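Visitor: I am new to this structure. Please show me how to read it, one feature at a time.

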Amino acid sequence: MTSCDKDCDKKRWDSSQLRKYDLGLEPIPRYHYQDPKVDELIKKNQPVLITGSKLVESALQKWSLEYLEKNLGKSGYTVYLSRNHKFKYFDEKKMLTKTNQKGVEFTPISKRVDMKVSDFMKRLKEWKRGEERIYLQQPLNSTVGPSIVEDYMKFDWPFVTSKKTKHNWGELTSNVLFISMEGNVTPCHYDEQQNLFAQIHGYKRCILFSPDQFEYLYPHPVYHPHDRQSMVDFERPDYARFPKFRNVRGVETVIEPGDVLYIPKYWWHHVESLMRGGPTITVNFWYKGGPTTLEYPLMDHQKVSIMRNVEKMLLEVLQDPKEVGPLLRSMVIGRYT
Ligand SMILES: CCC[C@@H](CC(=O)O)C(=O)C(=O)O
Ligand SMILES: [Zn+2]
């Protein structure tokens with residue numbers, strides 16, 4: 001995939017800036033925000049790259065690193081540090097559960113710290129190869145300065161609200177501000193929320209897989225701190241442990257400033273800030289999924305939700321995670337297979 005799938009005169013990035021994976025990927029469809037195809041795809045819970053919207057236009061020219069440092073405010077921000085380029089999310093509430101204390105040792109690669117924006121920006125500017133990488137991931141809240149509030153109020157709220165209403169989404173839960181170093185990777189995972197992912201600065205490559213790829217992406221068990229995250233290391237897949245990963249089929253795109261990527265809930269996504277592309281800035285719009293009506297045949301994401309509930313129930317009653325596998329095997333092998 002080259003950057004010339006839009007206009008070839010401006011060379012904005014090239015494929016040498018993308019990390020190499022052994023994956024079968026097709027392009028995510030791109031449509032102008034006024035094209036009816038956008039709502040057609042959202043309605044079908046399909047990803048779509050929405051171009052030309054004014055969703056975050058109020059931030060596009062203004063939200064430079066300098067402007068954000070000056071206006072984000074003095075309180076501590078959530079920053080993740082990582083010894084490598086991967087920022088694999090972990091749920092801290094699941095690190096100390098009794099099930100986990102039954103010998104499931106877990107030490108995350110990345111760690112969460114509270115950092116002043118000025119300290120973050122300093123580390124970003126002075127970063128040297130070999131040092132810990134950093135990634136600011138902060139829900140926008142009342143601690144931001146007045147000019148950020150003004151820019152935020154000028155987001156095209158009628159646009160996002162029309163999507164929420166038309167597609168029966170639940171409430172907006174958060175707008176998370178992401179300031180990433182070039183080359184940072186958020187490894188493959190799914191969220192249980194609808195996501196309008198608005199790019200403000202720099203380029204991010206997004207690889208998505210539909211919920212029906214669950215068995216090829218081997219998520220950690222639900223009780224694990226890496227719940228919802230794929231166990232497969234895309235850079236060095238362990239095909240012995242994860243043989244079906246060879247079958248995975250996904251879609252990808254590179255989002256540019258002004259683009260909005262619709263990431264449907266339960267869709268897997270891997271996101272990387274292009275190598276040698278400089279820092280990137282994104283704001284996402286996470287919406288609760290709408291009310292689910294069970295219509296048959298069930299949709300693939302509904303089956304993922306059912307599997308999650310079965311895991312939770314079994315863990316609740318068995319208490320020991322090591323008993324879940326044997327019980328499911330005796331229930332299924334030779335009887336349902
Ligand atoms: C912690 C969330 C990170 C983000 C991806 C990225 O920009 O690195 C994402 O996965 C999402 O918006 O759902
Ligand atoms: Zn996500």
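Guide: Start with the inventory. The chain holds ten helices and 15 strands. Keep in mind that this is a predicted model.

Visitor: How does the radius of gyration of the chain fit with a compact globule?

Guide: For 337 residues, a compact globule would come near 20 Å. The chain has 21 Å, so the two agree. For the extents, look along the principal axes: the C-alpha trace spans about 60 × 45 × 40 Å.

Visitor: Which residues come nearest to ligand 1?

Guide: There are 13 residues around ligand 1. Tyr-135, Thr-186, His-189, Asp-191 and Lys-204 come nearest. Sort the shell by class as well: five residues are nonpolar, six are polar and two are charged.

Visitor: Which side chains have an N or O atom at 3.5 Å or less from an oxygen atom of ligand 1?

Guide: Look for N or O pairs within 3.5 Å. Asp-191 has a side-chain N or O atom 2.9 Å from an oxygen atom of ligand 1. For the side chain of Asn-284, the distance to a ligand oxygen is 3.1 Å. For that of His-269, it is 3.2 Å.

Visitor: What should I look for in the backbone?

Guide: Look for exceptions. Most residues other than glycine have a negative phi, and most peptide bonds are trans. Tyr-218 is not a glycine, yet its phi is positive, about 45°. Tyr-218 lies in the loop between α8 (214-217) and β12 (249-255).

Visitor: Is the peptide bond from Tyr-296 to Pro-297 cis or trans?

Guide: That bond is cis, with omega near 0°. Pro-297 belongs to the loop between β15 and α9 (300-318).

Technical notes: Residues are numbered from 1 along each chain as its sequence is written. Chains are lettered from A and ligands numbered from 1 in the order in which they are written. This is a predicted model: local features need pLDDT of at least 70, side-chain atom pairs count only at pLDDT 80 or more; totals for chains, interfaces and linings use all residues. Side-chain values use heavy atoms; hydrogens and water are left out. A residue is near a molecule or strand if one of its heavy atoms lies within 4 Å of it. A polar contact is a pair of N or O atoms within 3.5 Å; within protein, one must be able to donate a hydrogen and the other to accept it, and residues adjacent in sequence count only if both atoms are side-chain atoms. Ala, Val, Leu, Ile, Met, Phe, Trp, Tyr, Cys and Pro count as nonpolar, Asp, Glu, Lys and Arg as charged, and the others, Gly among them, as polar. Helices (H or I, at least four residues) and strands (E, at least two) are DSSP runs, numbered from the N terminus. The radius of gyration is taken over C-alpha atoms; the globule rule is 2.2 Å times the number of residues to the power 0.38.
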